[in-house]
Amino acid sequence: MLHKGNVLHKTGVRKIVDCVGCGFIHADPIPSPAELGVYYQKQFYSDRWPQYITKMEFERDYWLAIYDERIRMIEEWQLPNGKKGEILDVGSGPGLFLSAADARGWRAHGIEPSEDANNHADSRGYGLGAWCGTLEDYPLVNKYVPSSFDAVHMSFLLEHVPDPARALQKCNALLKDDGILCIE
């Protein structure tokens with residue numbers, strides 16, 4: 001696909017374009033999966049947002065209240081019988097959503113490419129922990145097969161993936177037939 005459109009910003013070798021080809025605002029050229037992997041695994045929290053995890057923990061009560069409300073809504077839509085099952089948080093960051101889901105009785109799993117964020121979530125015992133990697137790799141290396149989850153959650157994630165439509169397709173494939181996808 002040809003990516004071109006109005007240039008909104010330019011930095012280094014990349015432009016930010018309002019792409020007429022795909023309808024998204026994105027970097028051009030789009031970073032390769034390898035570039036994104038290194039950036040999110042090693043640099044995102046340490047270089048770009050060094051205080052993010054500390055800030056999230058400082059605001060823990062606020063975020064737990066936000067996530068508790070979001071999970072309550074998932075339960076109302078998904079679980080009229082009250083049965084809670086498997087929930088996956090894609091882009092789980094430092095794990096506060098996992099903590100909130102676990103507190104509400106879900107078996108909470110995460111996917112997070114950042115080693116720093118995963119180490120933080122694991123050290124705090126949030127949910128069942130997060131797998132360190134990307135959604136793209138998740139079904140290939142994890143025990144979960146298509147139709148494994150009752151709910152999939154992602155918050156502020158689609159702007160971080162090179163192909164948002166493909167990410168949504170993967171989430172859909174991981175959901176049970178009556179599962180729910182919650183996106184912010």
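1. Ser114 is buried, its relative accessible area being 1%. The model under discussion is a predicted one. Since buried denotes a relative accessible area under 20%, the value of 1% places Ser114 in that class. In the chain, Ser114 belongs to the loop that runs between β5 (107-112) and α5 (115-124).

2. When neighbours within four places in sequence are left aside, the residues in contact with Ser114 are Tyr40, Gln41, Tyr45 and Cys132. One of these, Tyr40, is itself buried, with a relative accessible area of 16%.

3. Ser114 may also be placed relative to a residue of β2. Lys15 lies 99 residues from Ser114 along the chain, and the C-alpha atoms of the two are separated by 25 Å. Strand β2 comprises residues 14-19.

4. The sheet that contains β2 is open and consists of three strands, in the order β1-β2-β3, with antiparallel pairing. Its edge strands are β1 (5-11) and β3 (25-28), each of which pairs on one side only. From one strand to the next, the twist averages 30 degrees. In general, strands of a sheet pair through backbone hydrogen bonds, in either a parallel or an antiparallel manner. Here β1 and β2 run antiparallel and are joined by six bridges. Within this pairing, His9 stands opposite Ile16 of β2.

5. Helix α4 (residues 96-103) is mostly covered, as six of its eight residues are buried. The buried residues are Leu96, Phe97, Leu98, Ser99, Ala100 and Ala101. Which elements do the buried residues of α4 pack against? They pack against the helices α2 (52-58) and α3 (60-78), and against the strands β4 (86-90), β5, β6 (130-132) and β7 (149-154). Just after α4, Gly105 adopts a positive phi of about 95 degrees.

6. The structure holds six aromatic pairs. One of them joins Tyr39 and Tyr40 in an edge-to-face arrangement, with 5.0 Å centre to centre and 75 degrees between the planes. The angle of 75 degrees qualifies as edge-to-face because the planes are over 60 degrees apart. The two residues fall into separate accessibility classes: Tyr39 is partly exposed at 24%, whereas Tyr40 is buried at 16%.

7. A further aromatic pair is formed by Trp63 and Tyr67, and it is tilted: the centres are 5.6 Å apart and the planes make an angle of 35 degrees. Why are Trp63 and Tyr67 separated by about one helical turn? The reason is that they are four residues apart in helix α3. In an α-helix there are 3.6 residues a turn, so residues three or four places apart point the same way. Both members of the pair are buried: Trp63 at 19% relative accessibility, and Tyr67 at 8%.

8. Trp63 and Tyr67 also belong to one aromatic cluster, together with Tyr62 and Phe97. Phe97 is among the buried residues of α4, and α3 is among the elements against which the buried residues of α4 pack.

Methods
Residues numbered from 1 in each chain as written. Predicted model: local features only at pLDDT ≥ 70, side-chain atom pairs only at ≥ 80, totals over all residues. Heavy atoms only, no water. Helix = DSSP H or I, 4+ residues; strand = E, 2+ residues; numbered from the N terminus. Buried < 20%, exposed > 50% of the residue type's maximum accessible area, 1.4 Å probe, protein only. Contact = heavy atoms within 4.5 Å. Pairing = 2+ DSSP bridges. Axes fitted to C-alpha atoms, helices over the stretch in contact; angles between N-to-C directions. Phe/Tyr/Trp six-rings, centres within 6.5 Å; stacked < 30°, edge-to-face > 60°.
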